Amino acid sequence: MALKTKTSTRIGVTILGWGIALWLFFPIFWMILTSFKSEVQAISTPPKLFFMPTLSSYTEVFERANYWHFALNTVIVSVGATAVAIALAVPAAYSMAFMPSKRTRGTLLWMLSTRMLPPVGVLVPIYILARNTHLLDTCTGLAIVDMLTNLPIIVWMLYTFFREVPAPILEAGRMDGATRWQETTMVLLPLALPGIASTALLSLILCWNEAFWSLNLTSSHAAPLTAFIASFSSPEGLFFGKLSAASTLAVAPILVFGWISQKQLVRGLTFGAVK
Amino acid sequence: MATVELKNLRKTYLTEEIIKGISLSIEEREFVVFVGPSGCGKSTLLRMIAGLEDITSGDLLIDGQLVNNVEPGKRGLAMVFQSYALYPHMNVYKNMEFGLKLSGMPEAERRAKIEHVARTLQLEPYLNHKPGQLSGGQRQRVAIGRAIVRNPKVFLFDEPLSNLDAALRGQMRVELSALHRKLGATTIYVTHDQVEAMTMADKIVVLQKGVVEQIGSPLELYHHPRNLFVARFIGSPPMNFFSAIFQGGDAAGSSVQLRDGSSLYVPVTSPGLLPGTKVTVGIRPEHVELASSGPNSGVVEVIERLGAITLVHVRMPDGEIIVVQTDGAVLTDVDTRVSLTLPPRNCHLFAPDGVAFEACHRHPLAA
């Protein structure tokens, strides 16, 4: 890049950046705004930007459903699925990164290709499997499915992060007498920690927002926050105020969490680019 | 201290054989250098000894014990890597402590050892620094220190100086030699730099394409290269070669006819060679003598003045270039005609298959 960028280009890029950011953020902004409106204000045309905020939607949402029950399920499912996925992905990525064979590349591509299949394509078999193993409407069942759907991406990401760790450092560990386990836990993992953290974060976000399997595999006992939102979308027609309040409540924790850890996330995602 | 023995060691990657049956014995306290062009298999061979690469076939013995299937950490070796391979997340102290800790050595003993080694290598002020805060030379010292504290039977070095600048490389070379004398440990050292090989080794192993070309002391390789490859590889600037016709030989020497018709009687034996065979004559630039007139004349094309010495590149009538290393103060200039004298005792003869003829007299320093 040239040392001096033209001022006009810089202003242009800034405007474009803000434009895209606002474009992406607008739905969330509007959702939050709507959640503080009364039901009448929520559907009024033209939409109102300035109004008397009210918490009525929130109180009704809390009265009608046990938010904490759903939130707890989501936390259990996302954290559980992420932890198991990372535990499985570390050895997989290790062997692919440091002991590649002729089939490594093919395996990686094949794993990624499973993400290209629309989930509904395997809905029936997975539903039947879950039913026969008595995992329907359980946190375990949902966590297993979430974990498996995210595993390819997690392996893939860890693989790229591990590839950044110079092999001689691990070999030095082996020469120093480290077993594979010690080599992994005492040398590799500390070095790849930023990458693992951002991978885990991404997995958490994906699990948190996952709706398809949540809606199909749970009903009440293990229903997570996505099911909580859905429960406000149908029965008596659409109530945008309550729907927005429920949605805001559902995404707020992960939004805050993401905001706090965004530095880590960006660092992890651009790990290979810098250096 | 220990001996290392390689018996017909082979390594195959997929279908390609990289190490093609290498046998070698390394004595106690010996400093052995593996040298060769890139891709010759020297690093692979070292990594096989280290245990970082599997051995496809053959036996590897350390102190007389077969270690083919012993874990790298249990072979009693320590390795210094080209990239140093320090643990970036640990400070210098912890880097050196890692191996000791894994071996279950008590804390007090570890501390004493590390402090002793740090003093030897002048690393004391940096014990709390992370590798990222150190210069290249300091990192190199830490890598060496990490190897020394483990008190290994054999030290392995994989091109340890190639990431340093020229001045530091020279300094570290001397330090490593001194360290080897002090510790007296068996050492295997891989390099592509022949200066390192010549200056540090007790024994040099010249490798090419996974095969040993010659094993010998530095001066043995210099004075009595076994074939064209070794003759070309050892010595800088490299040996001059030109073709000649074999005329006949006896017990005291062999006579060849050079391209310009002159004859040369070289003190090497040539049993069974038929007169009329094409052979190669080799002579080192430092052995060719310049004369203002006489046979073998050519035109000076380039002069490289290095101060102490001068390299004169002479274009011969048949188009070949012969490099002459001479005095720094020589007055010869470009485009002048000079004559070359080839002292027969310094000439080497190579058969058509590249193998050198046996010299009638061994050089006193290469006995």
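Residues are numbered from 1 along each chain as its sequence is written, and chains are lettered from A, ligands numbered from 1, in the order in which they are written. Because the model is predicted, local features need pLDDT of at least 70 and side-chain atom pairs count only at pLDDT 80 or more, while totals for chains, interfaces and linings use all residues.

Start with the whole chain. The C-alpha atoms of chain B fill a box of roughly 75 × 45 × 40 Å along the principal axes. Chain B has 8 helices and 20 strands. These are DSSP runs, numbered from the N terminus: H or I over at least four residues for helices, E over at least two for strands. Of the 367 residues of chain B, 38% count as buried. Buried means that 20 or more other C-beta atoms lie within 10 Å of a residue's own; exposed means 12 or fewer, and partly exposed is in between, with C-beta atoms placed from the backbone. Among contacts in chain B with a separation of 6 or more, 65% come from residues 24 or more positions apart. A contact requires C-beta atoms, placed from the backbone, within 7 Å.

Next, the domains. Chain B is assigned domain 1 (4-231) and domain 2 (237-366); such bounds come from an automatic or database domain assignment. Their C-alpha centres lie 37 Å apart. The contact between them takes 11 residues from domain 1 and 13 residues from domain 2. On the domain 1 side, α7 (218-223) and α8 (228-233) are the elements that give two or more residues. That side divides into 5 nonpolar, 4 polar and 2 charged residues. Here Ala, Val, Leu, Ile, Met, Phe, Trp, Tyr, Cys and Pro count as nonpolar, Asp, Glu, Lys and Arg as charged, and the others, Gly among them, as polar.

A cis peptide bond joins B:Ser236 and B:Pro237, with omega about -5°.

Chain B also touches chain A. That contact takes 17 residues from chain B and 14 residues from chain A. On the chain B side, β6 (77-80) and α2 (92-102) give two or more residues each. This side has 12 nonpolar, 5 polar and no charged residues.

Now look at one sheet. Four strands of chain B form an open sheet in the order β2-β1-β4-β5, with antiparallel pairing. Strands β2 and β5 (65-66) stand at the edges with a single partner strand each, so one side of each is left without a neighbour in the sheet. Helix α1 (residues 42-50) packs on this sheet and touches β1, β2 and β4 (57-62). The direction of α1 makes about 65° with that of β2; axes are lines fitted to C-alpha atoms, for helices over the stretch in contact, and angles run from 0 to 180 degrees between N-to-C directions.

Within the sheet, 8 bridges join β1 (residues 4-13) to β2 (residues 16-26). Pairing needs at least two DSSP bridges. B:Leu9 stands opposite B:Ile22, and B:Arg10 has B:Lys20 as its bridge partner. The hairpin has 2 residues between the strands, and B:Leu14 takes a positive phi near 50°.

Most residues other than glycine have a negative phi. B:Arg29 has a positive phi of about 65° and lies in the loop between β2 and β3 (31-35). With 16 C-beta neighbours, B:Arg29 is partly exposed. B:Asp335 has a positive phi near 75°, in the loop between β18 (321-327) and β19 (337-341). B:Asp335 is exposed because it has 7 C-beta neighbours inside 10 Å.

How values were computed. Two residues are in contact if their C-beta atoms, placed from the backbone, lie within 7 Å.
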